[in-house]
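User: I have a model open and want to go through its local geometry. Keep it short, please.

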Amino acid sequence: MLTAEQARQLGHVRGSDLRDLMRQAAAIKQQYWGDTISYSRKVFVPLTNMCRDTCTYCTFVKHPSSPDAHIMTLDQVMATARKGEEAGCKELLFSLGEKPELRYEAARTALSKLGHTTMTSYLAEACAMILRETTLLPHVNAGTLTDDEIDQLRPYAASMGMMLETTSKRLMKAGQPHYGCPDKSPVQRLRTLERAGQKRVPFTTGLLIGIGETWEERIDALEAINASHRRYGHIQEVIIQNFLRKPGIGMANHPEPALDDMLRTLAVARLILSPDISLQAPPNLSERHTEYLQAGINDWGGISPVTIDFINPQHRWPVIEELASSTRACGQRLEERLTVYPSYMQDKTEFIDPAVLAKSQGLWSQMNGRDWQLDGVLL
Ligand code: SF4
């Protein structure tokens, strides 16, 4: 394991020193997670693409004046969910822009037609419908959340998530990617991490790398996540996601992080974070993603056989059978998981609402062909 001070010295490590660092990270992964690399078979529902923020790397967000701006109806949500069920998905991921109703009249009007005044209450209704009427488990990615908003969602969501992205306040200044984005204030995002812990929510978070943050700021962000997990035990996974250029965004000409930068960050993340936190990197954002397996990751994240990656629409998901094969070629074994990790269904059951827990355990038993009640051990 690494101290923050040691990690801060590693920002330029390369060549054989980088390989040594990766070997240390991979050894911890092997010790805690074995030779398994997990993924979640999921369907994505972009409930709304309106957002009060304007991050300059985002292609997902649409201004309400755009003909592509939308809030999905419950019928549309259900139609997508049914496609997911038919394709064997177990998770439905709601992704959405942050609180568009606080900024745009058009969002308030659209929500009011759906019988709601806030996106969070509409999201809670959509989650309840999915939990009740489908075989899928809802996971919500709704950005910063207040205590009250977590309370609204928790009875219907197996897990929740919000990328911390960075703890850099510098990136909120004029000319920087988070300028004019109130929900990207590091203080607000760290508060959400804390609230999720206090409210006992299995939580996914992570870093977006290459948006202008320094190496030291990356270490600060990893340290902050780990400290929150030490207090509450709620961080089930950390995603390390690489920034990618896209046409038409404010950062269309910003350099992308190099592969070595990604490998260095993954290895240091594995060596800073508590080993029970799953470490994930997306396989569709680099052609050389199998090299991440040598840097300590144990998870490929959500992969959909049904819907595109709405955040990076130009990068298709890998075919699951092909990913299984390339993972096997690296000496690892691909295994499906649910949106909530086994430790929260087995040991830390107070993290999940009873109805959601029963459904999660039932799905897990089906996937593994064993009786949850009789099994009694972490699978
Ligand atoms: S908060 Fe999310 S959806 Fe909104 S602009 Fe930023 S990245 Fe896009």
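User: Where is asparagine 242 placed?

Analyst: First, the ground rules. This is a predicted model: local features need pLDDT of at least 70, side-chain atom pairs count only at pLDDT 80 or more, and totals for chains, interfaces and linings use all residues. Residues are numbered from 1 along each chain as its sequence is written. Strands (E, at least two residues) and helices (H or I, at least four) are DSSP runs, numbered from the N terminus. Asparagine 242 lies in residues 235–242, strand E6.

User: Is asparagine 242 buried or exposed?

Analyst: Count other C-beta atoms, placed from the backbone, within 10 Å of the residue's own: 20 or more is buried, 12 or fewer is exposed, and in between is partly exposed. Asparagine 242 has 22, so this residue is buried.

User: Which residues does asparagine 242 touch, not counting residues up to four places away in sequence?

Analyst: Contact means C-beta atoms, placed from the backbone, within 7 Å. With residues up to four places away in sequence left out, asparagine 242 touches Ile209, Gly210, Glu256, Pro257, Met262, Leu285 and Ser286.

User: What separates the C-alpha atoms of asparagine 242 and leucine 74?

Analyst: Along the chain, the two are 168 residues apart.

User: Is lysine 99 buried or exposed?

Analyst: Lysine 99 sits in the loop between strand E2 (91–96) and helix H4 (105–113). Its phi is positive, about 40°, although lysine 99 is not a glycine. Within 10 Å there are 24 other C-beta atoms, so lysine 99 is buried.

User: What is phi of arginine 200 near?

Analyst: Arginine 200 is in the loop between helix H7 (186–198) and strand E5 (203–209). It is partly exposed, because 19 other C-beta atoms lie within 10 Å. Phi is positive in this residue other than glycine, near 60°.

User: At roughly what angle do the axes of H8 and H9 cross?

Analyst: Axes are lines fitted to C-alpha atoms, for helices over the stretch in contact, with angles from 0 to 180 degrees between N-to-C directions. Those of helix H8 (residues 215–232) and helix H9 (residues 259–272) come within 10 Å. Arg218, Leu222, Glu223 and Asn226 in H8 meet Thr265, Ala269 and Ile272 in H9. The axes cross at roughly 30°.

User: Which residues are around the ligand?

Analyst: A residue counts as near if its C-beta atom, placed from the backbone, lies within 6 Å of the molecule. That gives Cys51, Asp53, Thr54, Cys55, Cys58, Phe60, Val61, Gly97, Glu98, Cys181 and Asp183.

Conventions:
Two residues are in contact if their C-beta atoms, placed from the backbone, lie within 7 Å.
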